[in-house]
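Please keep the sequence and the model in view while reading.

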Amino acid sequence: MTALLEPETVQLASLEGRSVSAWFGDHKVLDRVDLVMPAGQVTALIGPSGCGKSTFLRILNRMHELVPSASLAGEVLLDGEDIYAPQRRLTEARRDIGMVFQKPNPFPAMSIYDNVLAGLKLTGRKAGRDEKDVLVESCLSKAGLWNEVRTRLRQPGGGLSGGQQQRLCIARSLAVQPKVLLMDEPCSALDPTSTRRIEETIHELKREVTIVIVTHNMQQAARVSDVCAFFLAEQGQPGHIVEQGSTQQVFEAPEDPRTFDYVNGRFG
Ligand SMILES: Nc1ncnc2c1ncn2[C@@H]1O[C@H](COP(=O)(O)OP(=O)(O)OP(=O)(O)O)[C@@H](O)[C@H]1O
């Protein structure tokens with residue numbers, strides 16, 4: 001059996017969208033998006049509501065195709081390999097590229113311990129009790145939750161606070177050892193203290209997993225990300241990237257006046 005846990009093994013991977021377009025039926029919502037999300041860095045996707053950030057994020061781990069009317073064009077390269085290539089399995093992309101959603105979604109009646117391990121069944125990996133214990137502790141520690149739950153691992157995940165539930169969901173994502181973690185507004189349902197805890201967790205995690213985060217919070221994008229992409233959908237046009245670059249450049253010296261206006265809160 002493959003060792004379940006190799007704490008010293010860091011698999012940093014880059015993700016790249018190449019000329020990604022997306023449709024719902026005949027409504028085109030993204031137009032030829034090119035974006036490199038560098039290995040071991042945090043990439044923030046920002047932009048007004050409806051400009052296609054979440055759609056782009058869902059394309060990155062093949063969730064977009066779950067919507068019956070949805071289609072797409074372009075490529076998504078994980079370390080240079082197209083996740084949409086015919087020989088690549090859907091489950092492979094979902095294992096390599098995890099997702100944390102806006103609303104924390106642990107299995108509420110399942111124990112904290114079992115919540116962390118919930119994804120393992122999907123990947124078909126088997127583990128003994130000791131191995132599971134090590135994995136649960138490791139993932140909860142990485143998600144910044146271990147000290148708060150170590151004495152109540154058998155209690156239901158639904159009994160945790162919203163912020164703790166979100167960190168539990170991060171731990172659950174980490175248990176299958178993804179190469180990339182996608183986060184779709186992970187703090188929007190949380191209070192400021194829980195938000196800061198998640199942001200600290202993101203800082204810690206980027207040492208071992210590439211992170212892509214959608215956020216409406218400009219301060220958060222500036223605090224957590226290394227790279228930033230500004231999406232916009234103008235006057236019924238499909239969403240596209242207006243500007244991308246280092247977060248410092250996008251926030252402090254944007255080239256496009258629309259970026260300047262957006263990051264300074266002038267619209268959206
Ligand atoms: N399941 C769906 N069916 C049809 N249209 C959809 C669906 N999901 C999103 N859309 C449309 O696609 C466009 C992009 O939506 P998307 O949610 O990706 O934008 P967003 O930038 O993430 O918005 P927000 O910041 O509000 O979450 C919008 O016009 C939206 O109405």
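Val36 touches Ser14 and Glu16, leaving out residues up to four places away in sequence; two residues are in contact if their C-beta atoms, placed from the backbone, lie within 7 Å. The model is a predicted one, in which local features need pLDDT of at least 70, side-chain atom pairs count only at pLDDT 80 or more, and totals for chains, interfaces and linings use all residues. Residues are numbered from 1 along each chain as its sequence is written.

Val36 belongs to strand E2 (residues 27-37). Helices (H or I, at least four residues) and strands (E, at least two) are DSSP runs, numbered from the N terminus. Val36 counts as partly exposed because it has 16 C-beta neighbours inside 10 Å. On this scale a residue is buried if 20 or more other C-beta atoms lie within 10 Å of its own, exposed if 12 or fewer, and partly exposed in between, with C-beta atoms placed from the backbone. Between Val36 and Gln219 there are 183 residues in sequence and 22 Å in space, C-alpha to C-alpha.

The next topic is the sheet. Six strands form an open sheet of mixed pairing, in the order E6-E7-E8-E3-E9-E10; two strands pair if DSSP finds at least two bridges between them. Strand E6 (97-100) and strand E10 (240-246) stand at the edges with a single partner strand each, so one side of each has no neighbour in the sheet. From one strand to the next, the twist averages 15°, with axes taken as lines fitted to C-alpha atoms and angles running from 0 to 180 degrees between N-to-C directions.

Within this sheet, strand E3 (residues 42-46) pairs with strand E8 (residues 210-214) in the parallel sense over four bridges, and Thr43 has Val212 as its bridge partner in E8. E3 also runs parallel to strand E9 (residues 227-232), to which four bridges join it; here Ile46 is partnered by Phe230. E9 and E10, by contrast, pair in the antiparallel sense over six bridges, and Ala229 stands opposite Gln244 in E10.

How many of the five residues of E3 are buried? Five of the five are buried. In a regular strand the side chains alternate between the two faces of the sheet. In E3, Val42, Ala44 and Ile46 are buried on one side, and Thr43 and Leu45 are buried on the other.

The largest nonpolar core has 73 residues, and those with the most contacts inside it are Ala171, Val212 and Phe230. Such a core is a set of buried Ala, Val, Leu, Ile, Met, Phe, Trp, Tyr and Cys residues joined through C-beta atoms within 7 Å. E9 supplies the largest share of this core, six residues. Apart from neighbours within four places in sequence, the contacts of Val212 include Leu15, Met37, Thr43, Leu45 and Val180.

In helix H3 (residues 112-123), Ile112, Asn115, Val116 and Leu117 are buried. Among the elements that cover them are helix H4 (129-142), helix H5 (146-149) and helix H6 (162-174). Gly124, which follows H3, has a positive phi near 75°.

The last topic is the ligand. The residues around the ligand include Phe24, Val29, Lys53, Ser54, Thr55 and Val67, where a residue is near a molecule if its C-beta atom, placed from the backbone, lies within 6 Å of it. Helix H1 (residues 53-59) gives the most to this shell, with three residues. The shell divides into four nonpolar, six polar and one charged residue; Ala, Val, Leu, Ile, Met, Phe, Trp, Tyr, Cys and Pro count as nonpolar, Asp, Glu, Lys and Arg as charged, and the others, Gly among them, as polar.
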